[in-house]
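User: I'm new to this one and would like a quick tour. Can we go through it together?
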Amino acid sequence: MATINGNYNNLAAGYLFPEIAKRAKAFLEKNPGIQIMRLGIGDTTHPLPKELIARMKEGVEKLAHKETYTGYADNSFGMARLRKAIADRYRGWGCPIHDTDIFVSDGAKPDSANIQSIFGLNNVVAVQDPAYPVYVDSNVIAGRGGTWDGIRYAGLVYMPCTEENGFFPALPDKKVDLIYICSPNNPTGAVATKEQLKAFVDYAIANKAVIIFDAAYAAYISDPSLPKSIFQIKGATSCALEINSFSKEAGFTGVRLGWTVVPQELAAEDAVPGKIQTLWMRRQNTMFNGASNIAQEGGIAALSPEGSKGCKAVIDYYMNNARIIKQGLEKIGIKVFGGINAPYIWLQTPGKMDSWQFFDKLLTETHVVGTPGVGFGPNGQGYFRLSAFGHTENVQKAVESVQKNLKI
Ligand code: MLT
């Protein structure tokens, strides 16, 4: 008799973004003809820079000829040229990263869900609260969640990110083994300083913990004093791995391409340096056949001097949207955070209203869709996330509608 993985029954609710889409659809069915404005999911909307398109077309063309056709790669870790281009970027920031530490993938989301599978089930997991839901859900599915009391999982350690601590957590108050940190942060838009990351690196080294650092929004950092990688912190290669993506940097949310850096030096309680890297290699070789060769050509173009200029122009475009949202909301007295070195605006709901109630209010009164903060964790209650991805004219319309129609 077949049975299911019962841990799925322990998941709190539907995945956040399909739930939002469902509610928006229900609203449209009840109110036909209304144009809703979507500042919910962080999904790119701008056409790709021409250098990336040209290189991907070349990639397609290669598949059209016997002489240049390629099928499966020799391994699932990515083209050597792409791994080198990614590692070069880290080395340019002074990080001691080798080409062979880079594992190209089809995106940061699958990597951030899958990475936990190479660690023991009895590891205690710490997450920022609020956090990107994949970290919690993937660990619950694996069986590390413990009981759900309707708000929290008893088996996880929540590190509160609040207005008081600038949305970056204090060190865990008990011993933990795996620590998820996302900076620039989704959802709060806060960016960790070097000093803040150093404290976590020191903690991880002292406790033989591993930091899983999600840097998917690093390209949105414009303040040169802020770290774009945890490997800019001395000692981090022995206690951290890093996940990143071309999704938000190069507009590849649909193309699909990302990478994880698993340094050779990374060690754990029962893993000498090299072991964790070997496990990830083994996991990927068994369960993944490599990213699309067309996407990888695009990734190489995105990291070239011309390509990265094109990507930067698109990032500037989204960050102008962020400014419009931030200033537009501040004008009507809403308290907003983030949106300076990150494409997310984290706002305090008026009167700290329940996040889902505010979702309904915003949708009904202004026809704007956003993301309820509580969907990212209990400390997101009373907060709400707006995304800066979108066409500026739509973002402007959305902000004007909030200014005009939101009853606060
Ligand atoms: C988000 O809106 O949080 C992101 O788009 C989700 C993702 O990158 O998977």
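User: Is E297 buried or exposed?
Analyst: E297 counts as buried, because its relative accessibility is 5%. Keep in mind that this is a predicted model.

User: Which side chain does E297 meet in a salt bridge?
Analyst: That of R81. The N to O distance is 2.9 Å. The pair joins distant parts of the chain, 216 residues apart. E297 sits in helix 9, residues 293-303. R81 sits in helix 3, residues 80-92.

User: And why does R81 count as partly exposed?
Analyst: Because its relative accessibility is 43%. The cut-offs matter here: buried means under 20%, exposed means over 50%, and partly exposed is in between.

User: Which residues are linked with R81 and E297 in a network?
Analyst: R55 and K62. Salt bridges link the four residues.

User: How many salt bridges does the structure hold?
Analyst: It holds 17.

User: Let's look at helix 1. What does E19 pair with there?
Analyst: One partner is K22, through a salt bridge of 3.5 Å, N to O. R23 also forms a salt bridge with E19, and there the closest N and O atoms are 3.1 Å apart.

User: How many residues apart are E19 and K22?
Analyst: Three, or about one turn of the helix. Both lie in helix 1, which covers residues 16-30.

User: And R23 and E19? How many residues apart are they?
Analyst: Four residues apart in helix 1, so about one helical turn separates them.

User: Is K22 buried or exposed?
Analyst: K22 counts as exposed, because its relative accessibility is 53%. R23 counts as partly exposed, at 30%.

User: New topic: the ligand. Which residues surround the ligand?
Analyst: F17, I41, G42, K109, Y132, N186, Y217, K248, Y344 and R385. By class, that shell has five nonpolar, two polar and three charged residues.

User: Where does the ligand lie relative to domain 1 and domain 2?
Analyst: Between them, because both domains give residues to the shell around the ligand. Domain 1 is 12-47 + 308-405, and domain 2 is 52-305.

User: What about polar side-chain atoms by the ligand's oxygen atoms?
Analyst: Here are three cases. An N or O atom in the side chain of Y132 is 2.5 Å from a ligand oxygen atom. For N186, a side-chain N or O atom is 2.8 Å from an oxygen atom of the ligand. R385 has a polar side-chain atom 2.7 Å from a ligand oxygen atom.

User: How much of the ligand's accessible area does the protein cover?
Analyst: The protein covers 85% of it. On its own, the ligand has 260 Å² of accessible area.

User: What does the S355 side chain reach?
Analyst: The backbone oxygen of Y383, at 2.8 Å.

User: Last one. Where is V60 found?
Analyst: In helix 2, residues 50-62. V60 is partly exposed, because its relative accessible area is 44%.

User: What separation do the C-alpha atoms of V60 and G377 have?
Analyst: They are separated by 42 Å. Along the chain, V60 and G377 are 317 residues apart.

Conventions. Residues are numbered from 1 along each chain as its sequence is written. This is a predicted model: local features need pLDDT of at least 70, side-chain atom pairs count only at pLDDT 80 or more; totals for chains, interfaces and linings use all residues. Side-chain values use heavy atoms; hydrogens and water are left out. Helices (H or I, at least four residues) and strands (E, at least two) are DSSP runs, numbered from the N terminus. Buried means under 20% relative accessible area, exposed over 50%, partly exposed in between (1.4 Å probe, protein chains only). A residue is near a molecule or strand if one of its heavy atoms lies within 4 Å of it. A polar contact is a pair of N or O atoms within 3.5 Å; within protein, one must be able to donate a hydrogen and the other to accept it, and residues adjacent in sequence count only if both atoms are side-chain atoms. Accessible areas come from the Shrake-Rupley method with a 1.4 Å probe; for residues, only the protein chains shown count as cover. Ala, Val, Leu, Ile, Met, Phe, Trp, Tyr, Cys and Pro count as nonpolar, Asp, Glu, Lys and Arg as charged, and the others, Gly among them, as polar. Domain bounds come from an automatic or database domain assignment.
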